[in-house]
Amino acid sequence: GLPELKYTLVVYSAAPVSIRPVRFQPVALLLGLQLSVAGEERNLKQIFDQTWLCTVRRRGAILVLVINADSVRSLSLDLDCGGTTGLAPSRGSFRTVDVVPPRSRQLITIMVQTEPNSGYTWQAQQRYALLPPHLCL
């Protein structure tokens, strides 16, 4: 069987959260990469030939993930959510700049509703670039 993994779970939520063990059921997604995120609204946007941006909305939260299936180039992502209101960013800033290595996926940010019964607006501007292999560490 698979080895037991020990990890720390950090949850940001304005609403009550229930955490319980579940049997892992990965959804195969593109070239063997696996993503197991459930949401009420999912949007998968192809950025380049082998790279995708995935946004998942679930109740009062928005998750932003990047999948880079390119075998040699890293993906540079500049995500600016500066016009967002009523949501708090998990990384402490509404703007993030990340480099996702080849054959990797990364959770970029989680936006959580600050007040459970109030509305929110989410605006996101993204800029992308595939980095040549000699710039990838």
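These legends accompany close-up views of one predicted protein model.

Residues are numbered from 1 along each chain as its sequence is written, and side-chain values use heavy atoms, with hydrogens and water left out. In this predicted model, local features need pLDDT of at least 70 and side-chain atom pairs count only at pLDDT 80 or more, while totals for chains, interfaces and linings use all residues.

**View 1. Confidence along the chain.** The protein chain has a mean pLDDT of 77 (the predictor's confidence in each residue, from 0 to 100). Of its residues, 69% reach 70 or more. Strands, at least two residues long (E), and helices, at least four (H or I), are DSSP runs numbered from the N terminus. Residues 24–36 have pLDDT below 50, yet this stretch has 24 contacts in the model beyond near neighbours in sequence (contact: heavy atoms within 4.5 Å). Where pLDDT is low, the predicted coordinates should not be read in detail.

**View 2. The five-stranded open sheet.** The strand order is β3-β4-β5-β9-β7, with antiparallel pairing (two strands pair if DSSP finds at least two bridges between them). β3 (41–48) and β7 (87–89) are the edge strands, each pairing on one side only. From one strand to the next, the twist averages 20°. Axes here are lines fitted to C-alpha atoms, for helices over the stretch in contact, and angles run from 0 to 180 degrees between N-to-C directions. Strand β5 (residues 61–68) and β9 run antiparallel, joined by eight bridges. Asn 68 has Ser 104 of β9 as its bridge partner.

**View 3. Thr 109 in strand β9.** Thr 109 belongs to β9 (residues 104–113). This residue is buried, at 2% relative accessibility (buried: under 20% relative accessible area; exposed: over 50%; partly exposed: in between; 1.4 Å probe, protein chains only). Neighbours within four places in sequence aside, the contacts of Thr 109 include Ile 62, Leu 63 and Val 64. Leu 79, Pro 89, Ser 90 and Arg 91 are also among them.

**View 4. The largest nonpolar core.** This core has 14 residues (a set of buried Ala, Val, Leu, Ile, Met, Phe, Trp, Tyr and Cys residues joined through side-chain atoms within 4.5 Å). β5, β6 and β9 each supply at least two of its residues. Ile 62, Val 64, Val 66, Ile 108, Met 111 and Trp 122 have the most contacts inside the core. Beyond four places in sequence, Trp 122 touches residues including Thr 55, Arg 57, Cys 81, Thr 84 and Leu 87.

View 5. The structure holds four salt bridges (a side-chain nitrogen of Lys or Arg within 4 Å of a carboxyl oxygen of Asp or Glu). In one of them, the closest N and O atoms of Arg 95 and Asp 78 are 2.4 Å apart. Arg 95 sits in β8 (residues 95–100) and Asp 78 in β6, so this pair ties together parts 17 residues apart in sequence. Asp 78 also bridges to Arg 127, at 3.4 Å between the closest N and O atoms. Arg 127 lies in β10 (residues 125–131), so this pair ties together parts 49 residues apart in sequence. Shared partners join Asp 78, Arg 95 and Arg 127 into one network. Asp 78 is buried at 12%, whereas Arg 95 is partly exposed at 43% and Arg 127 partly exposed at 38%.
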